[in-house]
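This report covers helix packing and surface pockets. The structure comes first, then the terms and the description.

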Amino acid sequence: MKVIHEASIQVLLSHGIHGLTTTRVAERAGVSVGSVYQYYPNKQAMLAAVLQQHLEDVIGQMEAVCRSHRARTAAEMAHALVNAFIDAKLARSDVSQALYAIPSDQGRDAVTATMTQRAQLAICDLLASCTDRRFQDPSLVSFVLTTSLIGPAQVLVTTLPPVAQREAIKKQLGLMAQSYLERAGDPL
């Protein structure tokens, strides 16, 4: 399965969404087309699986940061979350970039919504442990924070500015997130 999944990514990167076919994936993976169909009954399922795995990696990093930054200040949490999210999206920027092209009718919205919800739950738990702020509606704060990072992350992934500029952008996004968390929460 892993070899077929990786082959799907490679075909997606080299041929785009319209060039992603079971035949190409099978050739790249060195397996029969029938083997590909055992895991992916159609192109939509293949795209959804690639997106799912990519977002699993991104959300896994977000959840790890949420666990490791419990009982910290809002500022520390904000910068850690921004850095984790942007770094995770840029870790496989080629895959991130290709996946942004998946149309919503190919299963993108459902997978993205489920994974975003998971990240927001982890952030809610993190916010509940904040040492200098109390959040009356952590789910709203988590929603606003995560959705405010999605657009800038997409622009970073699709434009890939030089590393120094990426770091400056992450710092600015960290300040934005910090300001938001400090204003959205009541001081303790």
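## Terms and model

A crossing is called left-handed if the near helix is turned anticlockwise from the far one by less than a right angle, and right-handed if clockwise. Helices are DSSP runs (H or I, at least four residues), numbered from the N terminus.

The model is predicted: local features need pLDDT of at least 70, side-chain atom pairs count only at pLDDT 80 or more, and totals for chains, interfaces and linings use all residues. Residues are numbered from 1 along each chain as its sequence is written, and side-chain values use heavy atoms, with hydrogens and water left out.

## Helix 5 against helix 8

Helix 5 (residues 74-91) passes helix 8 in a right-handed crossing. Their axes are 10 Å apart and the packing angle is about 40 degrees; axes are lines fitted to C-alpha atoms, for helices over the stretch in contact, and angles run from 0 to 180 degrees between N-to-C directions.

On the helix 5 side, the contact (heavy atoms within 4.5 Å) involves Leu-81, Val-82, Phe-85, Ile-86, Lys-89 and Leu-90, which meet Leu-145, Leu-149, Ile-150, Ala-153, Leu-156 and Val-157 of helix 8. By class, these residues are 11 nonpolar, no polar and one charged. Ala, Val, Leu, Ile, Met, Phe, Trp, Tyr, Cys and Pro count as nonpolar, Asp, Glu, Lys and Arg as charged, and the others, Gly among them, as polar.

## Helix 6 against helix 8

The axes of helix 6 (residues 93-100) and helix 8 (residues 138-159) come within 9 Å and cross at roughly 115 degrees. The two helices are therefore roughly perpendicular (65 to 115 degrees). Their crossing is left-handed.

Helix 6 contributes Ser-93, Ser-96, Gln-97 and Tyr-100 to this contact, and helix 8 contributes Ile-150, Ala-153, Gln-154, Val-157 and Thr-158. Four of these residues are nonpolar, five are polar and none is charged.

## Largest pocket

A pocket is an open set of points on a 1 Å grid over the protein atoms alone, where a 1.4 Å probe fits, with protein on both sides within 12 Å along at least five of seven lines; lining residues have an atom within 4 Å of a point. The largest pocket has a volume of about 420 Å³, the volume being the space filled by probe spheres set on the points, which are joined across faces, edges and corners.

Its lining has 21 residues, with Leu-55, Lys-89, Thr-112, Thr-116 and Ile-150 nearest the centre. Helix 4 (43-68), helix 5, helix 6, helix 7 (108-128) and helix 8 each supply at least two lining residues.

Note on methods:
Parallel < 35°, antiparallel > 145°, perpendicular 65-115°, else oblique.
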